[in-house]
Amino acid sequence: MNSMTRRLVIGTAAVSMTLSLAACGDGKSSSSGNQSIGLLLPERSSSTRYEAFDKPLIQASVEGLCTKCALDYANADGDEKVQKQQFDALLSRGVKVILLDPVNAAVTAPWVEEAKKKGTKVIAYDRLAAGDVIAYISFDNQRTGELQGQALLDAMGRAGKKPADSEILMINGAETDPNAGAFKTGAHLALDGKVKRVAYEQSGEWKPDVAAAKIDEAVSKLGKNGFQAVYSANDGMAGAIIDALHRAGRTDVPVGGQDASLDAIRRILTGEQAYTIYKPYQPEAEAAANMAVYLVKGIDITSVAAAVTQSGDKQIPSMLLTPVVVTKDKIAETVIDGGLYKAEEICTPQFAKACKDASIPGSY
């Protein structure tokens, strides 16, 4: 196991151990009655991570820490009105804590205020929800954007393109998602002054079809050879962008993403995608579950949410984790050694040769 993987595993273990020891306590709760924990996730179709990783990891952690706690789960599938209905339903059922990953973070302040009136505490999970949330757990999202931008510069160099002479396209995430704004800010910090110019920049709204349409528009405006690389805020959009570029006759354009989705890892293996960003979901999900159990048990969480995030005029106790860049030569030591995927999940027969070429260990 190399040093980066050891840091990842040790960091995960430290988060889990620190929280679990206190959360388990003596098994007694200072609250009475309903010990349900609500979990509201934002989408299914544009990112596979929520159903595949976040929900099952959080559920397993809650059940392992608190035998009397039940997870009350719903996914809004990208519809903020549906999520409001789900939030109201949780309040009506008297849940003690809600882990909220908002579809539209800008509209949640009155939701959080209503929850507060009813004695329900809200933790902002992965995206910072507006309002007086009690805590926030996510990754350092501006740093994520910086890593994306630098990884794109590195990919351009590997492809023999000089960033200073290159024009790029940027397809950002949804403007309703504060994380998308942080990714964009971070990416610009890395890219501005290093590339000739950003020739076209639009929101892809976290929707692959919208991202593809934006690329078609950019090709129409700039010409199919009028740019040298594409920044994509996530893997779902990156896949659609790559398809759109292929339809336009471009197969030489570095495109990056985020989320370490399985299809993105395979595209990286075959050279279609330059990189992704791996956010180790297990420590994020386990820490969120532990914080929720803390609150159900009446335990203060500021000892573990030791960072702060500014939200309006408030400072929110926070835990911010560090993401990792994944390129072809880093797949084994990141998403495989980190436990996100097994080699055989990635290296199906279609990708077996690419896995061997990338020195991914395993029998496949």
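**Group meeting: disulfides, sheet and helix packing**

Buried here means under 20% relative accessible area, exposed means over 50%, and partly exposed is in between, with a 1.4 Å probe and protein chains only.

Before I go on, this is a predicted model, where local features need pLDDT of at least 70 and side-chain atom pairs count only at pLDDT 80 or more, while totals for chains, interfaces and linings use all residues. Residues are numbered from 1 along each chain as its sequence is written, and side-chain values use heavy atoms, with hydrogens and water left out.

Back to the cysteines. How many disulfides does a search of the whole structure find? It finds two, a disulfide being a pair of cysteine sulfur atoms within 2.5 Å. In one, Cys-69 is bonded to Cys-66, with the sulfur atoms 2.1 Å apart. That link is right-handed, with 65° about the S-S bond. Cys-66 also counts as buried, at 4% relative accessibility.

The other disulfide joins Cys-347 to Cys-355, S to S 2.0 Å. Here the torsion about the S-S bond is about -95°, so this disulfide is left-handed. Both ends are buried: Cys-347 has 3% relative accessibility and Cys-355 has 0%. If you number the bonded cysteines of the protein chain in sequence order, the pairing is 1-2, 3-4.

Next, the sheet. It is an open sheet of seven strands in the order S2-S1-S3-S4-S5-S12-S11, with mixed pairing. Strands pair if DSSP finds at least two bridges between them. Helices (H or I, at least four residues) and strands (E, at least two) are DSSP runs, numbered from the N terminus. The edge strands are S2 (70–75) and S11, each pairing on one side only. From one strand to the next, the twist averages 25°. Angles run from 0 to 180 degrees between N-to-C directions, and axes are lines fitted to C-alpha atoms, for helices over the stretch in contact.

Now some individual pairs. Strand S3 (residues 97–100) and strand S4 (residues 121–125) run parallel and are joined by four bridges, with Val-97 opposite Lys-121 in S4. Helix H3 (residues 80–92) packs on the sheet, touching S1 (36–41), S2, S3 and S4, and its direction makes about 180° with that of S1. Contact means heavy atoms within 4.5 Å.

Strand S5 (residues 135–139) pairs in the parallel sense with strand S12 (residues 314–321) over four bridges, and Ile-137 stands opposite Met-319 in S12. S12 also has a neighbour running antiparallel: strand S11 (residues 307–311), joined to S12 by five bridges. Gln-310 has Gln-315 in S12 as its bridge partner. The hairpin of S11 and S12 has two residues between the strands, and Gly-312 takes a positive phi near 65° there.

Last, a helix pair. Helix H2 (residues 49–65) and helix H10 (residues 281–296) have axes that come within 8 Å and cross at roughly 40°. H2 and H10 are therefore oblique to each other. Angles under 35 degrees count as roughly parallel, over 145 as roughly antiparallel, 65 to 115 as roughly perpendicular and the rest as oblique. Residues making this contact include Phe-53, Leu-57 and Ile-58 of H2, and Ala-285, Ala-289 and Val-293 of H10.

That is what I have for today.
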